[in-house]
Each structure stands twice: as C-alpha cells, then as structure tokens.
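My notes are set down below in the order of looking.

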Amino acid sequence: MEQTGIMIANRLLIAAAFCLMCTSCDDPKTPDSKGVVAEVAEPSKAIERPAFSADSAFVYIEKQLAFGPRVPNTGAHVQCARWLEAKLTGLGAKVVMQPANVKAWNGDQLSIVNIIASYNLEATRRVMVTAHWDSRPFADQDADPENHDDPVPAANDGASGVAVILEIARQLQLLPADIGVDLLLWDAEDYGSPGESDSYALGSQLWARQPHVPGYRAIFGINLDMVGAKYAQFPKEGYSMQYAPDVVQRVWDAARSLGHGNFFISRRNDPIVDDHYYVNKIAQIPMVDVIDIRQGTGFFDDWHTRGDDITNIDKPTLQAVGETVLAVVYQAR
Ligand SMILES: [Zn+2]
C-alpha cells in the first residue's frame with residue numbers, strides 16, 4: 001500500500017448511529033375510532049447471518065505470524081500459502097491457486113500465488129471479499145534505519161485482512177449464504193517502491209487481467225487492508241467513491257446500523273492505490289477499500305515498520321469489520 005495524497009486536518013468525529021428504541025409506541029394494530037385496523041408496513045425480515053468471532057480471527061493472525069514474514073521467495077511464504085490452501089479447503093471452500101512469476105520494480109523475479117476460495121459455485125450472482133496475504137520485505141518506515149532492509153511482521157498490514165476472511169470462511173461453512181462468495185487473497189501487494197504506484201499490488205494486477213475464471217463477474221467486492229489496529233478509522237476512500245459509490249453506501253450503512261459508525265466514518269479521503277484500484281480499473285468490478293487512514297496522521301503508527309506485530313491488533317476493530325462484511329455478504333442478492 002502506498003500512501004499518496006495529503007491528509008487533511010480537522011478531525012471529524014462521527015458519532016455512532018444509535019437506534020432509539022421507542023418504548024411507548026401505540027400498538028400499530030389497534031383499531032381507530034371507526035374500528036378500522038390501520039395498515040402498517042411489515043418490518044423488513046431479519047436476514048439470517050452467523051456471528052463473527054474476533055477471538056477466532058485473532059488466532060488466525062497469530063497463525064500467520066508464526067510462519068514469519070510472508071515475503072515472496074521465502075520459505076515462510078511457501079509454507080503460509082500451503083497452510084491457507086489447506087485451511088480454506090478444510091473450511092469447505094473450493095480453492096484455486098493462481099501461481100505466477102512476476103518482476104518486481106527492483107528486478108527481483110518473484111514467485112507469487114493468489115489464493116481464491118469459492119463458496120456456492122453454482123450461483124451466478126457473486127460477491128468478492130479480498131485482502132493481501134504477503135508481507136512487505138522492507139520496513140522502510142521504521143524509525144531505525146538499520147531495520148529498513150528487514151521484513152515487516154505484517155500483523156495489521158496483511159494478516160488482519162486475511163484473518164477476517166478466514167473467519168468469514170468458517171462462518172460460510174456453518175451457514176451457507178444465498179449468494180456466491182469468492183474470497184481472494186492477493187500476493188505481492190506490498191513489494192512496491194514508494195512513489196511508483198504500479199510497483200505495488202502485483203497479484204491483483206495479474207488477476208484483474210487474467211481472472212481465475214475467464215469472464216468472471218461479481219456484483220461487487222470489498223477489499224480489506226489494515227483492519228486490525230486499535231482506533232482504526234475507515235474513511236470513504238477516493239477510488240472507492242469514484243468507482244463504487246453504491247457499494248460504499250451499502251457497506252458504510254451496514255456498519256452504522258450495527259453500531260460501528262465510529263470505525264466506518266463519513267469522511268471522504270484522497271484516493272489510495274490499493275488492490276481494489278486494479279479490480280475496478282482493469283476488471284471493472286466495483287470494489288471498495290476498507291482501509292485504516294487516520295485524519296492528520298495517515299496509516300497506523302507502526303505501518304511498514306518492524307513494530308507491525310501482534311501488539312497492534314485489537315479485537316473490537318476486527319469485530320466491527322467482520323460483522324459489517326458478514327452483514328453485507330448475507331444481505332446481498
Ligand atoms: Zn503495506
């Protein structure tokens with residue numbers, strides 16, 4: 001993920017939207033003075049959806065971290081890919097691995113693999129939930145220059161989104177959704193060079209040009225990036241608003257109705273080139289980015305440092321994101 005654009009000052013605090021419970025409503029079916037029973041609209045049917053477990057997602061982050069940084073061309077990367085393939089298969093998904101060799105900005109030849117886990121394959125109407133699973137090889141934002149050539153543990157910037165997706169997979173196995181769901185884990189999102197946007201997101205660029213199923217379509221997608229840190233702020237990011245404003249509304253409305261408006265804030269943010277950009281631009285599937293960008297300070301403090309470890313992860317953030325995405329997926333028709 002490259003940080004572009006200027007963060008604007010003036011912190012905007014959006015209160016969570018609370019539904020005021022009315023305890024003194026008249027019974028809507030009480031006859032009026034003429035004995036006529038008023039027609040009242042049926043409340044919209046509650047859609048069945050499973051509960052999201054942040055405890056489970058937290059464990060999935062720890063699991064990924066135990067491999068070490070998941071940097072392409074390393075043993076940790078190979079082992080984690082195998083684990084993700086086996087885990088998602090065990091959770092009832094049909095898993096497709098999309099391997100490729102790509103050239104990085106610095107000339108490195110990278111052996112990468114996108115991991116695609118599908119549910120309800122027969123359904124023609126499908127939604128995508130995605131995150132990058134690789135770790136950045138350079139902690140180039142670390143306060144200590146000695147660490148700049150070391151890899152990032154990537155607890156928040158990588159593993160958190162994957163963990164939310166794994167927990168969604170677990171819930172999809174327990175209670176199948178009506179719609180088809182494709183969970184995509186992008187590789188080589190974070191191998192890029194600052195200032196060169198297209199040097200990032202190599203896995204999603206590859207998939208957007210060559211989807212795992214030729215002619216693949218989804219009605220919309222949600223990308224998750226840095227969704228585990230304390231006090232996360234998910235603004236309405238610029239490319240999401242440009243390419244997928246209806247999806248932004250769908251996701252942010254769902255968050256607010258669940259009481260997560262303190263995370264999913266109304267502020268509009270400058271565009272950020274992330275995996276969703278290429279899915280929108282090349283594959284032309286409307287996709288939003290749920291990405292933690294704080295007003296004035298940008299990404300979380302340990303972004304692209306050696307400090308992006310498990311101590312950054314806060315379960316209430318995982319819960320807010322997981323519940324919101326599950327609600328959107330199970331409501332999709
Ligand atoms: Zn990153």
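These entries concern a predicted model, and they go from the core to a strand and then to a helix pair.

Entry 1, the core. I looked up the largest nonpolar core, which holds 98 residues, and found that V129, V164, I165 and A169 are the members that touch the most others. Helix α3, residues 155–174, gives this core its largest share, with 10 residues. I then followed V164 and, setting aside its neighbours within four places in sequence, I listed its contacts as A57, L224, V227, L318, V321, G322 and V325.

Entry 2, the strand. I turned to strand β8, residues 287–291, where five of the five residues are buried, so the strand is largely enclosed by the rest of the structure. I noted that M287, D289 and I291 point one way from β8, while V288 and V290 point the other way, and that all are buried. In a regular strand, side chains alternate between the two faces of the sheet. Strand β5, residues 220–225, pairs with β8 in the parallel sense over five bridges, and I found V290 of β8 to be the bridge partner of L224.

I looked up helix α6, residues 245–257, against helix α8, residues 315–331, and read a packing angle of about 120 degrees with the axes 9 Å apart. The contact is made by R250, V251, A254 and A255 on the α6 side, and by A320, T324, A327 and V328 on the α8 side. I also recorded that α6 passes α8 in a right-handed crossing.

Key:
Residues are numbered from 1 along each chain as its sequence is written. This is a predicted model: local features need pLDDT of at least 70, side-chain atom pairs count only at pLDDT 80 or more; totals for chains, interfaces and linings use all residues. A nonpolar core is a set of buried Ala, Val, Leu, Ile, Met, Phe, Trp, Tyr and Cys residues joined through C-beta atoms within 7 Å. A residue is buried if 20 or more other C-beta atoms lie within 10 Å of its own, exposed if 12 or fewer, and partly exposed in between; C-beta atoms are placed from the backbone. Helices (H or I, at least four residues) and strands (E, at least two) are DSSP runs, numbered from the N terminus. Two residues are in contact if their C-beta atoms, placed from the backbone, lie within 7 Å. Two strands pair if DSSP finds at least two bridges between them. Axes are lines fitted to C-alpha atoms, for helices over the stretch in contact, and angles run from 0 to 180 degrees between N-to-C directions. A crossing is left-handed if the near helix is turned anticlockwise from the far one by less than a right angle, and right-handed if clockwise.
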